[in-house]
Amino acid sequence: MALPADSHVHTEWSWDTTAGDMVGSCERAVAVGLPVIAFTEHLDHISWPAPTSGPYMSAELTAAADPDGLVHPPPFDVAGYLAAVDECRDRFPGLRILSGLEVGEPHWHAEQVAAILAAGKFDRVLGSLHCLPDGDGYGEPWALYPHRDPFELVREYLAEIPRMVAGNEPFAILAHIDYPLRSWPADRSGPFNPALFEEEFRYALSTTAASGRALEINTRIPMDATILKWWHEEGGDAVSFGSDAHRPDLVANGFPEAVAMAEAHGFRPGRTAYDLWGRASRRSA
């Protein structure tokens, strides 16, 4: 099976990545036959409480917290990052390497994001919703579930997506629309059932499609095929594939299954491995 581009990979240039390695990720890409890899490093501006328990707790985040327990993402080193990309391009000439960013909450930080994008060339830009308002601050779903109704939280998350894609923020791909599912509290809420949120998912998908953006099939956890089915039905033109790898051995993880699902729901490869996958009817025209 020919693999598509992995359009969502993190390395040591992402502030939250402790095991990232750009060179190691390129080596992994070559080893598994990946034709294209995009290093979409985190660009975040929201400060949030360092986790004191659970799967996201780490010594690095605890050490990075200020006296109030908040973690503040550091400024992104554009020059250093782009120099590292160029070095990998020289070292791995048979692998197409894309520069990129994963921009957190781009509609809330338009000026800051624009300044970073103007400072260099970024081939692939993702837009992500990681946080939601929580009292006087913000939190990610894993931190909010313990004191919020999980069903209402997912609805709030999906309701924010249309606001994020409504503007002219310069991102081409909506990353992990199913982000809250990563920490869904199945022990107290039962298995996640997308059908319970069909209206909210469809509205978020239709507005994303209308904005001309692509939907990412993120393989950090398997995407429910129902979401991809709704994307096609709501007029989505294109999909990308992203492992969301934060360490080299996870590059292209789950891609064979994701490719099979995309094909089953009407999406096909573009003319080159660099291209996003489009609707089968559009590709055959």
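This is a predicted model: local features need pLDDT of at least 70, side-chain atom pairs count only at pLDDT 80 or more; totals for chains, interfaces and linings use all residues.
Residues are numbered from 1 along each chain as its sequence is written. Local features need pLDDT of at least 70 and side-chain atom pairs count only at pLDDT 80 or more, whereas totals for chains, interfaces and linings use all residues; side-chain values use heavy atoms, with hydrogens and water left out.

The C-alpha trace of the protein spans about 50 × 40 × 35 Å along its principal axes. A compact globule of 285 residues would have a radius of gyration near 19 Å, and the 18 Å of the protein agrees with this; the radius is taken over C-alpha atoms, and the globule rule is 2.2 Å times the number of residues to the power 0.38. Buried residues, meaning those under 20% relative accessible area with a 1.4 Å probe and protein chains only, make up 51% of the 285 residues. Of the contacts (heavy atoms within 4.5 Å) with a separation of 6 or more, 72% join residues 24 or more positions apart.

The secondary structure comprises 11 helices and 13 strands. These elements are DSSP runs numbered from the N terminus, helices being H or I with at least four residues and strands E with at least two. Nine strands form an open sheet with mixed pairing, in the order β1-β2-β5-β6-β9-β10-β11-β13-β12; two strands pair if DSSP finds at least two bridges between them. At the edges, β1 (6–9) and β12 (267–268) each pair on one side only. The partner of β1 is β2 (residues 36–43), in the parallel sense over 2 bridges, and D6 stands opposite I37 in β2.

Helix α1 (residues 22–32) packs on the sheet, touching β1, β2 and β5 (96–104), and its direction makes about 150° with that of β2. Helix α4 (residues 110–117) also packs on the sheet, where it touches β2, β5 and β6 (124–128), at about 165° to the direction of β5. For these angles, axes are lines fitted to C-alpha atoms, for helices over the stretch in contact, and values run from 0 to 180 degrees between N-to-C directions.

A nonpolar core is a set of buried Ala, Val, Leu, Ile, Met, Phe, Trp, Tyr and Cys residues joined through side-chain atoms within 4.5 Å. The largest such core has 68 residues, of which I37, I97, F122, I177, I217, L228 and F241 touch the most other members. Helix α6 (residues 150–165) supplies the largest share of this core, 7 residues. A second, separate core of 7 residues includes I46, A50, L61 and C131.

How values were computed
Buried means under 20% relative accessible area, exposed over 50%, partly exposed in between (1.4 Å probe, protein chains only).
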